[in-house]
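Please examine the structure shown here with attention to its confidence values and its charged side chains.

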Amino acid sequence: MTMMYKMNVRATVAIRCLLSRDTATASTRLRYAACAFHTQQPRRSSALQQHGWRQYSTTSNSLESWKGNTMSQSDFMERDTVLVLSDNDEVIGSASKKESHQFTPPNPRGILHRAFSVFLYDLSTQELLLQQRASTKITFPNVWTNTCCSHPLHGMDVNEVDAPEDVMDGTVKGVKAAAVRKLEHELGIPVGQLPMDSFKFLTRLHYWAADTVTHGEKSPWGENEIDYVLFVTVLNKDKITIEPHVDEVDDVCWVTKAKLFEMFADKDLLFSPWFRIIANRWMISSGEETGKGGWWDDLDRTMNTNEFCDYESIHRFDPQEEHLGGGGNAGPLFGVGK
């Protein structure tokens, strides 16, 4: 049975339910039909059956209902519906943000899902914008990290679900749409100031980390993500508006490479594990590993050529020792990094 045929069958069932005034079933069937069209995935996988995850979102996260400025951190945990993935970054289902970030004995590293990390640079000074995550955040509060990090979601009015062909050609419009949405929510950057076509997709990494620094060695929270790295630049920082959301961001600062080295050396500062991986592997030290120089060394080359782009690989990393463990006693999964 073809995917298009399945989509038509589901849509037909939805219409019949509407005619019989069974609106709840109709709504669910329509969402199934839409997800079948966008993700082109099998109806149900063995992994979903084993863990009981939903194949598709059964809640709407349209921009009309997704009002970041009126939602609490608990609301995001319950209502945001992330993209559950296979190890090869195939979308195989959905889960709430809360479900996906819980580290428990049945799921010692939570549920693998898609994420993105944005790095915003000022070309006039070569500075990178960092944010300090708010102390009220449930996962990894108080840490310094890159400009913006979050998740594409199921069910948004502007589709945030990228198919494999979108990854292979580097367009990833879904991830970029999610980035624009969250930059406005977290940092108050108006949508038009950083259009989707200004983002450069560079590569993906699969990392995981228990939030043991915040919640202790048996932390019930952590990250397990395939993270899409996005660079974006502005000619001058004065050209953009930055008004951080108090529930999302405690502080922001523009840093040079030298300043970032100083911050990394300061034992009183906390940094997100994903930011340390990206910075040390590609932004700063890749010159030693590849001979090409780091992404930050030549922003013109990074943004205007595909020399640093790797759309085929998924680089895999275990966390630093301090982020092993958690509620499921998770140990190393990948080795050093692959």
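The points below concern model confidence and salt bridges.

1. This is a predicted model, in which local features need pLDDT of at least 70, side-chain atom pairs count only at pLDDT 80 or more, and totals for chains, interfaces and linings use all residues. Residues are numbered from 1 along each chain as its sequence is written, and side-chain values use heavy atoms, leaving out hydrogens and water.

2. The average pLDDT (the predictor's confidence in each residue, from 0 to 100) is 82, and 74% of the residues score at least 70. Under 50 lie residues 1-64 and residues 286-290.

3. The structure holds 11 salt bridges, each being a side-chain nitrogen of Lys or Arg within 4 Å of a carboxyl oxygen of Asp or Glu. One of them joins Asp122 and Lys237 at 2.7 Å, N to O. Asp122 belongs to strand 3 and Lys237 to the loop between strand 8 and strand 9, 115 residues apart; strands are DSSP runs (E, at least two residues) and helices likewise (H or I, at least four), numbered from the N terminus.

4. Asp122 is buried because its relative accessibility is 0%, whereas Lys237, at 21%, is partly exposed. Buried means under 20% relative accessible area, exposed over 50%, and partly exposed in between (1.4 Å probe, protein chains only).

5. A salt bridge also forms between Lys137 and Glu248, with the closest N and O atoms 2.7 Å apart. Both residues are buried.

6. Glu186 and Lys182 form a salt bridge at 3.7 Å. They are separated by about one helical turn because they lie 4 residues apart in helix 7.

How values were computed:
Contact = heavy atoms within 4.5 Å.
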